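Visitor: I would like to learn how to read a protein model feature by feature. Please give the general idea each time, then the case at hand.

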Amino acid sequence: MKTKLFSFFLALAASVGTIIADGTKIGDLYYNLNSTDKTAEVTYELYWNPTNYNGLTTANIPVSVIYRGTTYSVTSIGDLAFRHCSGLTSVTIPNSVTSIGQNAFSVCSSLTSVTIPNSVTNIGEGAFYYCSSLTSVTIPNSVTSIGYEAFYNCSSLTSVTIPNSVTSIGGSAFWGCSSLTSVTIGNSVTSIGKSAFYNCSSLTSVTIPNSVTSIGGDAFRGCSGLTSVTIPNSVTSIGAYAFDGCRSLTSVTIPNSVTSIGSSAFYGCSSLTSIEIPNSVTSIGDNAFQNCSSLTSVTIPNSVTRIGWSAFSGCSGLTAVTIPNSVTSIGPSAFSGCSGLTSIEIPNSVTSIGNNAFYNCSNITSVVWNAKNCNSYNFGSQVTSFIFGNEVEVIPAGICSGMTV
């Protein structure tokens, strides 16, 4: 019985592969060696510590290594392999490597450039996290995914081309790449992750390909140098805060495919002069266009049923707005601080107007509301005429309560 159990476990070990040397040093580097498929993974010392590879300035990763007479092909750079190698300035990755693990080069603050070979298919989460001196990187056509925080806070990175092989850009992938001036996104990318280009303040233009179906929340938040963006017909949703703080953005085209504009999607886009909201959009999120102070006019399509909380609050340059018959509710503070508005027409479909919806709209002098009652709504004492149904009335102190049709 004991012989049978021993034979079983021996066969099981052989079937799953055996790591025969964990953290073995060969030359300047450490490796995990697999006896079954004769592969090697670049790793750190047996126990990772902040002085990992202390003093290493150049890493030339070989195609293969020899250990006790056996040759092992180097196929991967493992998780944390070179993490915190602050003196590392350059690395050579051979064509035998297919994957770069999580945080493999994170906080390698002296690394200036890296060429990723065509053999690599995956760049792991945080692979080049906080490589603050990295100025250029070549991502080959073999890579299919760029992991979460892969190039997070690579503040010296100036340009990047994402090849057609890549299908997804992970969340915060290029977060804080403040020197990035241009980015080319390949035609196979279907999603731009949350905060993917957050605070890329030098980014002036970006082309989003027709393959993209969703723009994640905070995707381009804080890209203060971005002047224009074209959103393709493939996109169905614009996430919350997607373009928040893009204060240089002057124009944006939202295609008919988009059904929702997330909360604060264009918050603080103070240079945006006009916006066309397509008929596909059913809701305008809270704070969606808040503080877009250069916005002069907006047409809300018949598809929209709700105008969110503070949706156009602080749009002081807004002189005209058209609210369609499809809208049933106008959220609190929706148009507060729109000091350029002189009149407003509210359709009879509107059944509720939130608190302070038109607060501090100091130049509105007339209101048209074809409603059954006005729910004691205060439109401001500066309003001198009120068209209620087909009747023109003067409303004392801006209060319309007690009026009848």
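Visitor: Does Val-107 count as buried, partly exposed or exposed, and what is its relative accessibility?

Guide: Note that this is a predicted model. Val-107 has 22% relative accessibility, so it counts as partly exposed. The cut-off for buried is under 20% relative accessible area.

Visitor: What is the phi of Val-107, and where does Val-107 lie?

Guide: The general idea is that most residues other than glycine have a negative phi. Val-107 has a positive phi of about 60° although it is not a glycine. It lies in the loop between strand S8 (99-100) and strand S9 (113-115).

Visitor: In which loop is Ser-310 found, and is Ser-310 buried or exposed?

Guide: Ser-310 is found in the loop between strand S26 (306-307) and strand S27 (320-322). Its phi is positive, about 55°, and Ser-310 is not a glycine either. With a relative accessible area of 7%, Ser-310 is buried.

Visitor: Let us move to the whole chain. How many helices and strands does the secondary structure come to?

Guide: The protein has 1 helix and 33 strands. Of its 405 residues, 51% are buried. For contacts between residues at least 6 apart in sequence, 27% join residues at least 24 apart.

Visitor: How many bridges join S2 to strand S3, and do they run parallel or antiparallel?

Guide: Strands of a sheet pair through backbone hydrogen bonds, and the pairing is either parallel or antiparallel. Here 5 bridges join S2 to strand S3 (residues 39-43), and the two run antiparallel. Leu-33 has Ala-40 as its bridge partner in S3. S2 and S3 form a hairpin with 4 residues between them. In the turn, Lys-38 has a positive phi of about 55°.

Visitor: What is the order of the open sheet of 4 strands?

Guide: The order is S4-S7-S9-S11, with parallel pairing. Strand S4 (58-60) and strand S11 (136-138) stand at the edges; each has a single partner strand, so one side of each is left without a neighbour in the sheet. From one strand to the next, the twist averages 5°. S4 is joined to strand S7 (residues 90-92) by 3 bridges, and these two run parallel. Ala-59 stands opposite Val-91 in S7.

Visitor: Which residues touch the most other members in the largest nonpolar core?

Guide: They are Phe-82, Phe-105, Phe-128 and Phe-197, in a core of 118 residues. Several strands each supply at least two residues of this core, among them S2, S3, strand S5 (64-67) and strand S6 (70-77). S2 gives the most to this core, with 4 residues.

Visitor: Which residues are in contact with Phe-128, leaving aside its neighbours within four places in sequence?

Guide: The contacts of Phe-128 include Ile-100, Phe-105, Leu-111, Val-114, Phe-151 and Tyr-152.

Visitor: How many aromatic pairs does the count come to?

Guide: The count comes to 19 aromatic pairs, with ring centres within 6.5 Å as the cut-off. For Tyr-130 and Tyr-152, the ring centres are 6.3 Å apart and the planes are at 45°, so the pair is tilted. Tyr-130 lies in the loop between strand S10 (122-123) and S11, and Tyr-152 in the loop between strand S12 (145-146) and strand S13 (159-162), so the pair ties together parts that are 22 residues apart in sequence. Tyr-130 is partly exposed, with a relative accessible area of 37%, whereas Tyr-152, at 14% relative accessibility, counts as buried.

Visitor: How far apart are the ring centres of Phe-266 and Phe-289, and at what angle are their planes?

Guide: The centres are 5.4 Å apart and the planes are at 0°, so the pair of Phe-266 and Phe-289 is stacked. Phe-266 is in the loop between strand S22 (260-261) and strand S23 (274-276), and Phe-289 is in the loop between strand S24 (283-284) and strand S25 (297-299), 23 residues apart. Both Phe-266 and Phe-289 are buried.

Methods: Residues are numbered from 1 along each chain as its sequence is written. This is a predicted model: local features need pLDDT of at least 70, side-chain atom pairs count only at pLDDT 80 or more; totals for chains, interfaces and linings use all residues. Side-chain values use heavy atoms; hydrogens and water are left out. Two strands pair if DSSP finds at least two bridges between them. Buried means under 20% relative accessible area, exposed over 50%, partly exposed in between (1.4 Å probe, protein chains only). Axes are lines fitted to C-alpha atoms, for helices over the stretch in contact, and angles run from 0 to 180 degrees between N-to-C directions. Rings of Phe, Tyr and Trp (its six-membered ring) pair if their centres lie within 6.5 Å; planes under 30 degrees apart count as stacked, over 60 as edge-to-face and the rest as tilted. Contact means heavy atoms within 4.5 Å. A nonpolar core is a set of buried Ala, Val, Leu, Ile, Met, Phe, Trp, Tyr and Cys residues joined through side-chain atoms within 4.5 Å.
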